[in-house]
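Colleague: Could you walk me through this model? I have some questions, and I would like the cut-offs along the way.

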Amino acid sequence: MNEIVLKGVPAAPGIACGEAFILDKQEFIVPPRAIMEQEVPIEIARFEEALNKTREEIQSIQKKISAEISEQHAKIFDAHLLVLEDSVLIEEVIKRIKKEKLSAEYIFSKVLKRYVKLFSNIEDQYLRERSSDLNDIGRRILKNLMEESRLHEFENLTEEMIVIAHDLSPSDTVSMYNKNIIAFATDIGGPTSHTAIMAKSLGVPAVVGLKDATLRISNQDYIIVDGRMGLIIIHPTEETRTIYRNEQNRIKVLKDRFDDIKDFPAETMDGKRVSILANLELPEEIPIVKKYGAVGIGLYRTEYFYMNRVDLPSEEEQFQAYKHVAQMISPFPVTVRTLDLGGDKFISSLQIPRDMYPFLGWRAIRFCLARPDIFKTQLRAILRASIHGNLKLMYPMISGAGELRKANAILEEVKNELREEKIPFDENMPVGMMIEVPSAALTADLLAKETAFFSIGTNDLIQYTLAVDRVSEQTAHLYEPGHPAILRLIKSVIDAGHKENISVGLCGEMSSEPVLALILLGLNLDEFSMSPQSILQIKKMIRSVSFKDAQELAHKVLGLSMGQEVQEIGTARLRELAPHVFTAGDKK
């Protein structure tokens with residue numbers, strides 16, 4: 001068979017090779033079954049028993065997650081439990097059993113379909129996405145009513161398999177924990193969907209947003225999952241298999257070979273020292289951060305507190321989380337980014353309106369300024385935690401001085417409230433901002449006078465500058481980190497920051513690509529923040545080159561007119577300077 005390559009959205013890094021297992025997600029076929037009058041109480045009792053059994057299953061899963069992953073992840077299932085307590089749904093099922101004299105499973109399946117359809121047609125995206133919760137809990141109830149066991153077929157797998165599904169609910173992914181699942185892929189989902197969040201915590205490669213993978217892959221097809229690039233390769237040729245097997249081995253060898261520099265500084269051969277920090281999404285990742293020798297957290301994403309739950313996180317809950325991270329990373333710094341929901345981020349109970357152009361809509365700092373009640377709660381928690389470690393705070397998506405001043409004004413209000421309440425906090429906690437919008441990059445010289453540090457968020461800066469949606473398949477090929485316009489913007493931001501004696505870091509994916517990292521080094525970037533798995537490779541690169549060589553390369557590529565030329569010349573130069581930092585997955 002011919003090799004087929006599917007492109008999706010990277011959800012969790014890594015490579016897996018093996019046989020596909022198509023998770024049966026078809027709807028239960030429930031034929032109508034008439035009952036007699038005297039059987040009505042029996043059917044109602046069966047229904048109530050199924051609800052109780054399902055409730056016990058969900059609570060058991062919650063306990064398992066709390067013990068093996070985290071209490072925060074266990075909250076994902078609060079919405080499932082609420083469905084089981086929905087008196088309107090339950091009463092409708094019981095009423096129809098009495099009236100129509102049909103079996104509990106048939107009546108429930110009909111009521112469930114109606115509710116799912118209602119939720120699916122709701123305009124609000126958060127409520128619309130709750131249809132997946134209804135589907136998940138509904139299948140569990142039907143399984144218990146019909147004594148079916150096919151809900152989680154992979155629980156009985158005896159060999160390593162790659163799960164392919166249209167979608168994976170939280171309970172699906174949790175059921176994979178400690179099973180023979182080496183990767184999974186789904187037709188739908190984004191980088192911050194339930195699937196993506198759980199995949200990273202479970203430590204298995206995953207690709208989402210593949211659209212039709214379940215139609216194009218059959219059971220026991222041999223496939224390759226490349227979670228770094230968002231690729232699924234069906235019927236790979238022997239050559240492709242060899243490439244990926246070698247890549248897996250090279251990654252392992254690479255990691256082993258770089259272990260000896262974990263505790264050494266990121267310093268060039270001629271003495272230029274920079275900081276390599278980690279991006280942190282969940283506190284559970286801290287052991288990995290330490291394992292790879294990061295000297296702090298350059299980006300702590302806090303929006304995960306607001307995801308997959310039916311309420312808002314309290315000040316105390318956030319305080320305890322920030323305090324925990326600060327203490328675990330101390331004495332190294334932890335840069336906490338304030339809430340950044342919207343755009344491609346999961347829409348949670350905050351009910352951010354669905355925009356036709358979400359990346360240009362009500363998101364990040366705009367949302368926080370419009371909802372100071374939510375913003376202040378987070379700021380209070382961060383400030384309270386600041387005395388327990390080396391915390392820094394930064395605002396996302398600042399487009400100009402006006403937004404920066406408004407955010408700082410709210411921060412000052414919170415500080416005054418804490419002072420009046422005699423609650424201690426670090427009065428000197430640095431407060432910086434992200435450069436993600438071209439308007440901020442172009443006025444960096446002005447903004448640098450009003451902030452403690454810059455952190456360049458290239459993931460958004462690139463797509464805003466090049467007018468490219470980085471998630472869209474139609475424009476993905478136009479997403480060019482090495483585009484001359486991007487490099488020039490980054491240089492201007494670094495120069496503006498240094499002119500005002502403030503540090504400039506970069507926390508986008510760009511910093512974890514060796515060729516681009518070499519150019520960023522030459523542009524005089526102070527801090528590189530990246531996924532923990534990339535740290536040792538980039539540190540090795542920095543320790544293998546001179547700052548002078550990096551500067552010469554940066555100067556040269558700034559004069560080029562195409563991103564492709566930047567990549568080609570940069571790659572050739574890095575291969576001369578440090579060929580050992582490449583892996584088969586790096587851009588050639």
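This is a predicted model: local features need pLDDT of at least 70, side-chain atom pairs count only at pLDDT 80 or more; totals for chains, interfaces and linings use all residues.

Colleague: In which sense do E3 and E7 pair, and over how many bridges?

Modeller: Strands are DSSP runs of E with at least two residues, helices are runs of H or I with at least four, and both are numbered from the N terminus. Two strands pair if DSSP finds at least two bridges between them. Ile15 has Asp226 as its bridge partner in E7. Strand E3 (residues 15-22) and strand E7 (residues 222-226) pair in the antiparallel sense, over 5 bridges.

Colleague: How many bridges join E3 to strand E4?

Modeller: Strand E4 covers residues 161-165 and runs parallel to E3. Here Ile22 stands opposite Ile164. The number of bridges joining E3 to E4 is 3.

Colleague: Why is E3 described as largely enclosed by the rest of the structure?

Modeller: Buried means under 20% relative accessible area, exposed over 50%, and partly exposed in between (1.4 Å probe, protein chains only). E3 is largely enclosed because its buried residues number 7 of the 8.

Colleague: What is the strand order of the open sheet, and which are its edge strands?

Modeller: The sheet has 8 strands with mixed pairing, in the order E1-E8-E7-E3-E4-E5-E6-E2. Neighbouring strands are turned by 30° against each other on average, direction ignored; axes are lines fitted to C-alpha atoms (for helices over the stretch in contact), and angles run from 0 to 180 degrees between N-to-C directions. Pairing on one side only, the edge strands are E1 (4-7) and E2 (9-12).

Colleague: Which strands pair with E13 in the parallel sense?

Modeller: Strand E13 (residues 390-395) has 5 of its 6 residues buried, so the rest of the structure largely encloses it. The parallel partners are strand E12 (residues 333-337), over 5 bridges, and strand E14 (residues 431-435), over 3 bridges.

Colleague: What kind of aromatic pair do Tyr300 and Tyr322 form?

Modeller: Rings of Phe, Tyr and Trp (its six-membered ring) pair if their centres lie within 6.5 Å; planes under 30 degrees apart count as stacked, over 60 as edge-to-face and the rest as tilted. Tyr300 is buried at 1% relative accessibility, and Tyr322 is buried with a relative accessible area of 1%. Their ring centres are 6.0 Å apart and their planes stand at 85°, so the pair is edge-to-face.

Colleague: How far apart in sequence are the parts that this pair ties together?

Modeller: Tyr300 lies in strand E11 (residues 297-301) and Tyr322 in helix H12 (residues 315-329). The pair therefore ties together parts whose separation in sequence is 22 residues.

Colleague: Which ring does the charged end of Arg241 sit over?

Modeller: A charge sits over a ring if NZ of Lys or CZ of Arg is within 6 Å of the ring centre and within 35 degrees of the ring normal. Arg384 lies over the face of Phe319, at 4.0 Å from the ring centre. For Arg241, at 3.9 Å from the centre, the ring is that of Tyr222.

Notes:
Residues are numbered from 1 along each chain as its sequence is written. Side-chain values use heavy atoms; hydrogens and water are left out.
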